[in-house]
Structure formats: structure tokens, C-alpha cells
Amino acid sequence: MKILICEDDTMTLKALEHKLKKEGYDIITSQDGKSACDIISTQKDIDLLLTDLHMPKLSGLELINFVRGELKSNMPIIMLTRVGLEETVLHAFELGADDYVTKPFNPDELALRIKRLLIKNKQ
Amino acid sequence: MNKNAVHQRLILFCFIFVIYFCFPSTIFAELPSSNHEASIRETTYEKKILWGERFYSLNLNSLALKEFEKAHKINPGAYFPQFRIVQLKSRLHQSSNYIGSVELDFNKPGVLISALIFVILFSFVSMVLALFFVLFNRDRTSKLEKKTQFLKEEYQTMLINYLFSKEINQELVQSFKMVTASTLNRKILINQMIDLSITLTGEEKHRLKLLYIDLKLDKDSCKKARGRKWHVKAKGFRELAFMNIHIADDEIIRCLSSRNDILRMEAQFAMIRLNPDNSFTFLDVLEKKFTLWEQLNVYETITFHQIELPDFEHLLYSKNNSIVLFALRMIKVFKLNKAFNSMLDLLSHHDPEVRNLTIQVMGNLNMVESLPYMKKIYKSETYENCFAIIQSIASMRDESMLNFLKLVLDKEDDVQLQIEAAIAINKIVDKGTDTLNQLLNSDYKNYKIIVKHVLDKRIN
């Protein structure tokens, strides 16, 4: 299973990458929305997108809009967001996001959410 | 005079300067004395001619002119001094600009030139030193940045490897201990640990805290918290707050009433993070004004760090008005309708600003039970508060207030209040617009134009 992590904070990105690699996933990383768009456009075998909402060049919302609107892809999307941004989260759900995790997050909980979504998507 | 001429003259000055100091004998060589008694005048005359010629050859025209003039006085019939005088006057006339006159009229050229040379050398040396300093500093900063970035990435990887490994990696712990020996490295490591503490929860966060204590970084933070400089203290408070370490709580409490705004805010932040059960006890004793900026910071801490909401109701009875206002704002934001009775008491608060915000919050939280009380205080209220009352009534859209609003529209002298009352009537569901239409079609009243204005869909 291949997961694209899009997160501008290096520390969070490293933590996510390490945790998910340990769970047995193939990980691709990106630190801004624009490069994530390029990766998704070129690599069709990505199974899940894990994206931060606030990123340089292209925001998480725009990335979700690109995946659902332009690529017409139904890959599961999980958002990473701060607490207190409920309206943005609602907007992301409207655009087609599947789940969200708030920072600070529990890595085990995140791994379970990813697993659940991937199984659901397979079915 | 063109630049070259100026340069030539400066070089000449330098040359004279060197000659003057190094080879005084060239200029001040004893003149051959004559024992000839025929005429002392003649000797003097010869001396003057000789000096004049020397000055003339060195281009010191002004000095040469003086010498020849003296010679001419001694021997008015001689042709040579007259010839030179005419020649020198002509030269002086040609070079009568500023620099030339300075050069020629200055009787002590050595002092000026020494000063100029000193200034030039000083400026040049200063410039070279400054250039080296800037280059060196830039290079040092750039190297430090590169080193910091490298260490940052290295420590991030080390920390993540440590936190996500199943068992505690003693080798890594030893490496961390070596890292903490250096001040810069320790600083970078602490920053990375704090970054991680913001990102993670659960088991990993707990392990991070244990590592922090194991590396004795808590002692370092405590030392900072008890330091003398306010910015160091603030940094210490932040580190302790993020790592949830309580060893300097007394110092944090002491700084809650600090005169330094930033330190006070950091202490408040640390207090809220460290004592989730009694996060806001500092508000009970705060005597200083709780500024809007502090209020915003506390609000941000509550929201983004998932702090459990305290009982804001009791703060409504605080003697510090800024705290009452803060409590009202929090009641509004978190929609704490339970505080209704306490808010009702605030309608008779001595501070109009508090009453105003209470009215607004009541309207915002749709506390319909407050309407009779608002109606009651309307007459005795300030203009701003009357305005707030009508706006609150408008937001509640309660039919029972229709007559009161009609009364305001009819009897109120202020047009703005009349307009607000008409808008409030218009907002009352079902009946509002009909009532305004009825008022429009009734006998002449001065408010008809206001009603017409409110009903005009192009404007509202």
C-alpha cells in the first residue's frame, strides 16, 4: 500500500513517515501542495493521501479539490489539522475528505484510522 | 581646477610634507653667510631672492611672492624681483579657486596635510576593518545556520528513532547525553523536543517527557525559569509548560503579576498548561488589567491545547472589570447559557462597558428571558447601551417586544435608534414586515421615512 504524506513541518513529516513505514506502508512525502499535486498526477498507484491543511504554494483544501474535482480520484483522504479549525474541517468534508486527525495526534490512532479507511476503500 | 590638478597639488603637498619633516636641511640649510661688510642689505636681499627662488621652484607661490616683495623693498631698482612678482601674481590670479588658495595661502602646510593624511588613513583602515568584520560575521552566521540545520535534522531523526522504537535504545540515550554537553546542541535538541511535544500525544509524548527528565533538561529549563533576565525566564516557562514539568510552579505563580507584559503572558500560558484542574485561578487574584492581547492568548491556549473549560460564571463577580469582560467573552464564544442569572446581575453593574457587553452576549446567546429586564433598564441606559439593547432584541426576534420597539420608533428622538428599532421590527418573523407596512399606511408620523427606508429592499 502506498501513502502520500503532504506536510510542511519537517518534524511531523518525519514522525508520520517513520510510524507508517513501521506499519508496513510505502511512503512518499511532499512538503507543499503543489508538488503533492504533481506526484498524484504522475503516480497513479497511490492508495491514500494524508495531508495537512495549511501548506505553502497550495493549501490542503485546494489539494483535496484537485484530487476529487480534477483527477476524479476516489482515493481516501485524511486531513491533519489543528484543534479549533472546525469550519475548515467541515469545508474539507464538503470537498470530499474522508477523515481528519487533529494535532497533537496519537500515532497509533492515526495508523488505525488509515488501516480502516484502506480496508473500507478496498471493499 | 580639474581633478588632476587637485591630485597633483595634493601629491605636491605630501611631497613637501615629507621633505619638511625628513629633510629639513634641504629647505632650512644655512645660507652662505658673507662677511662682506659692504652691505647687510645686500645679504638680506640675496637671502630673500634665494628663498623666493626656492619657494618658486617648489610652487609655493604665495610664500615666494612674499620673499620677492621683501627683496623688491630692499632693492627697488632690481629687475629680477619685479619680474618674479609680476610672474607670481599672474600665477596666483590663474589659480584663485578654493583649493588653490588654501594650498598657497596656508602658512603651515604640514599641519593641514598631516590632518588630511590622518583622516584618509583612518577612514581607509576603518573601511577595511569594517569590511573584514562584515565578511567574517556573514560567514560565521552562514556557517552557524548550516550547522544548526544539520543538527536539527540529525536530532529529529534521533528523537523519532528513540520514540518509535519498541524498547529504550540505550545507545541513543548516551548520544543524547553527549549532545546536551554543548550549549548550542542542547538548545537545538530542546527546541526539537518541544516541537515534537506539540505534534504528538499518547505513549510517545510520555516517553519524550521521560527522556527530557533523563537528560536533565528539566533542570536546565528550571534554571532558565529562575533566571534574572525576563526573556530567559519566559523561555524556561514555555519549555516547562510544553514538557508538563512542575518544578518551577512557584516561580510561574510569582510572575503572574509581573509588570512585564510578555513574561506575565508566558506565566499565564504555563499556568494554564501545567494546571489543567486549576488553570484559571490566577484570574481570581489578578489586580492588573487583563489586556485584550492576554485575553486572546488565553483563548488561543484553551482552544488549541484542548484545555477543559473552567467555570467562567464566578469570574463575572470579579472586582477587576477586565476579567468580567473576559468572562463574558468566553461565555459568548463557548455558548455557556447556564450563566444567565449571574449575567442578569451584571445589567446593574456600575461600569457601562460591562453592561453593554452583557446586553450583547444576552442577545447573541438568545436569552429571551432577559428581554423584560432590558426593557426595564432601557430608559436609564447610555446611548451606546440603548443601541445594544435594540440590537439584542433584533437578534432574538421575539414577538413580545413588538410594542416596545414601536414605542421606541415613535418616541425616540435619535434617528439611529429609530432606524435600529425599525430594523428590529422588520426582523420579527411573520409579523415584522406587516407591522411596518401598517405603520407606513397609518396617519402621518415623522418616522414614516425611516420605515420606508428600512422596507426598501434595494438598501436593506
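The paragraphs below follow a group of strands in chain A and then turn to its cysteines.

The model is predicted, so local features are reported at pLDDT of at least 70 and side-chain atom pairs at pLDDT 80 or more, whereas totals for chains, interfaces and linings use all residues. Residues are numbered from 1 along each chain as its sequence is written, chains are lettered from A and ligands numbered from 1 in the order in which they are written, and side-chain values use heavy atoms, with hydrogens and water left out.

Helices (H or I, at least four residues) and strands (E, at least two) are DSSP runs numbered from the N terminus, and two strands pair if DSSP finds at least two bridges between them. Strand β3 (residues 48–52) of chain A is largely enclosed by the rest of the structure, because 5 of its 5 residues are buried, that is, under 20% relative accessible area with a 1.4 Å probe and protein chains only. Leu48(A), Leu50(A) and Asp52(A) lie on one side of β3(A), and Leu49(A) and Thr51(A) on the other.

β3(A) runs parallel to strand β1 (residues 2–6) of chain A, joined by 4 bridges, with Cys6(A) opposite Thr51(A). Another 4 bridges join β3(A) to the parallel β4(A), where Ile78(A) faces Leu50(A). Ile78(A) also stands opposite Asp99(A) in β5(A), a strand that runs parallel to β4(A) and is joined to it by 5 bridges.

Cys37(A) is in none, the nearest cysteine sulfur being that of Cys6(A), 8.2 Å away.

How values were computed: A disulfide is a pair of cysteine sulfur atoms within 2.5 Å. Buried means under 20% relative accessible area, exposed over 50%, partly exposed in between (1.4 Å probe, protein chains only).
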